[in-house]
Amino acid sequence: MTDDTIIRIAARGDGITADGRHAALSAPGDTLAADGTLTHGPHHQTPPCIHFPTCGGCQLQQLDDQSYAEFVTDRIASALDGQGITTMIREPHISPPRTRRRATLHAEAKGGRMTLGFAEEKSHAIVDIKECWILDPRLFALVAPLRVLLRKLNFKRRGDVHLTLADQGPDILITGFAPEGLPAAEALVAFCEAHKIARVAFNDGMGPETLWEPDACTITLGGVPVPLPPASFLQATVDGEAALTTAVLDAIGKPATVADLFAGLGTFTMAIPAKVYAAEAGRDALGSLKAGANAARRPVFPEHRDLYRRPLTVAELDRFDAVVLDPPRSGAREQAVALAACKTPVIAYVSCNPATFARDAKDLCDAGWQIDWIQPVGQFRWSTHVELAAKFTRPSPQ
Ligand SMILES: C[S@@+](CC[C@H](N)C(=O)[O-])C[C@H]1O[C@@H](n2cnc3c(N)ncnc32)[C@H](O)[C@@H]1O
């Protein structure tokens, strides 16, 4: 290896040479000459998608599978290293291509053309996708028909198209627009029947209005069908959800009572075979979790609670045999203070941001917790977005 060899990929996706220079669209093992010429090495693959690298949906298609998996692990290791923490990092789980079950596309009507796709990298321009290597084929199959539909609906602006695979089929929420008139209604029904759509809702600023939903939409979590509000948070792939759930169950063992914090629709709540207290600030999500758990007669105790303003106290946390938390990207700094001091024997921390995870982990480790292991999960294949599940325990006295 020479000083001009790319030795790692930084958090934002640039390759970094041994002598500290940055190169976009490079892979470990490539070499960067002094004049900026990049020579591809053994881990540089031909990006499969015709839209790469313009499309902002993927940033790292030039990495082969080995170097992408190493990137995912390295993101977590470097964030922890920055806080002075070392631990065992398991083999990452990487979602296969074409498995993304939810995505937000952007639509724009301009000059008689309807553009529909992901935004360009670092730009508002929309890439009119003709192929996609990350979307589930059942969702990608709707992209061309949706362009036709939007034209028929007289969509004349810019808006978002949220696509989700519900138990009943594709669920679509279109924002920034609401169709009007009988021809639009007829075009919508014909589209939904032809493509076996589970639901279509529009949100023109007043909240989602559902115009098609022949059977109530659900998403099955841990074997429990949960009512699915439009554009809800779901783990991005089914296999990614399974990898995170398996890690959480492995971490917590066989507890009698568990707190699931930032519970969402109940991805972990429903998978845990115990009494589960579920705290969540989103009213719609919590209402669905409650309805799903009640219908399935699960011993779940939901609470609508803002965990940033009102984190669980030490006394509340001490009642549980295990705590699971899965906060948004900003992490759980406020909740980590009480977690650091509580007596619960085990914490399973699921994170979609290694940097805030490492910050919160430092608070826990400073208070005597240790990280037993971390399971990296790359659900957003070929992106710089990395997830993980970690097990925290208190070391037993010698
Ligand atoms: C990363 S998602 C995880 C959801 C769920 N655990 C899952 O796997 O599907 C984070 C969740 O935290 C919720 N949330 C965001 N801010 C919150 C707050 N201040 N208090 C409680 N929940 C919050 C969001 O509504 C969202 O459901």
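This is a predicted model: local features need pLDDT of at least 70, side-chain atom pairs count only at pLDDT 80 or more; totals for chains, interfaces and linings use all residues.
Visitor: Is Asp326 buried or exposed?

Guide: The test is a neighbour count: a residue is buried if 20 or more other C-beta atoms lie within 10 Å of its own, exposed if 12 or fewer, and partly exposed in between, with C-beta atoms placed from the backbone. Asp326 has 23 other C-beta atoms within 10 Å, so it is buried.

Visitor: Which residues is Asp326 in contact with?

Guide: Two residues are in contact if their C-beta atoms, placed from the backbone, lie within 7 Å. Leaving aside neighbours within four places in sequence, Asp326 is in contact with Phe262, Phe268 and Val350.

Visitor: What does UniProt list under "binding site"?

Guide: UniProt positions are given in the numbering used here, feature names are shortened, and annotations may be inferred rather than shown by experiment. The UniProt record, an unreviewed entry, lists Gln235, Phe262, Glu280 and Asp326. Glu280 belongs to strand E16 (residues 275–280). It counts as buried because it has 27 C-beta neighbours inside 10 Å. Not counting residues up to four places away in sequence, Glu280 touches Phe262, Ala263, Gly264, Ala285, Leu286, Leu289 and His304.

Visitor: Which residue does the "active site" annotation cover?

Guide: Cys352, according to UniProt's unreviewed entry. You'll find Cys352 in the loop between E19 and helix H9 (354–366). With 20 C-beta neighbours inside 10 Å, Cys352 counts as buried. Its contacts, not counting residues up to four places away in sequence, are Arg329 and Glu387.

Visitor: What span should H9 have?

Guide: The expected span of a helix is 1.5 Å times one less than its number of residues. H9 has 13 residues and should span 18 Å; its end C-alpha atoms are 18 Å apart, which agrees.

Visitor: Which residues of H9 are buried, and what covers them?

Guide: The buried ones are Pro354, Phe357, Ala358, Asp360, Ala361 and Leu364. Their cover includes helix H1 (65–82), helix H8 (333–341), E19, E20 and E21.

Visitor: On to sheets. What order do the strands of the eight-stranded sheet follow?

Guide: Strands of a sheet pair through backbone hydrogen bonds, either parallel or antiparallel. Two strands pair if DSSP finds at least two bridges between them. Here eight strands form an open sheet, in the order E6-E20-E21-E19-E18-E15-E16-E17, with mixed pairing. Strand E6 (93–94) and strand E17 (300–304) are at the edges with a single partner strand each, so one side of each has no neighbour in the sheet.

Visitor: How many bridges join E20 to its partners E6 and E21?

Guide: Two bridges join E6 to E20, and these strands run parallel. Across that pairing, His93 stands opposite Val377 in E20. Strand E20 (residues 370–378) and strand E21 (residues 387–393) run antiparallel, joined by seven bridges. Pro376 has Leu388 in E21 as its bridge partner, while Trp373 has Lys391.

Visitor: Which helix lies across E19?

Guide: For such angles, axes are lines fitted to C-alpha atoms, for helices over the stretch in contact, and angles run from 0 to 180 degrees between N-to-C directions. Helix H5 (residues 238–252) lies across E6, strand E15 (257–261), strand E18 (322–325), strand E19 (346–351), E20 and E21, and runs at about 165 degrees to E19.

Visitor: What do E7 and E8 form?

Guide: A hairpin, with two residues between the strands; Gly111 in the turn has a positive phi of about 55 degrees. Strand E7 (residues 102–110) and strand E8 (residues 113–117) pair in the antiparallel sense over five bridges. His106 stands opposite Gly117 in E8.

Technical notes: Residues are numbered from 1 along each chain as its sequence is written. Helices (H or I, at least four residues) and strands (E, at least two) are DSSP runs, numbered from the N terminus.
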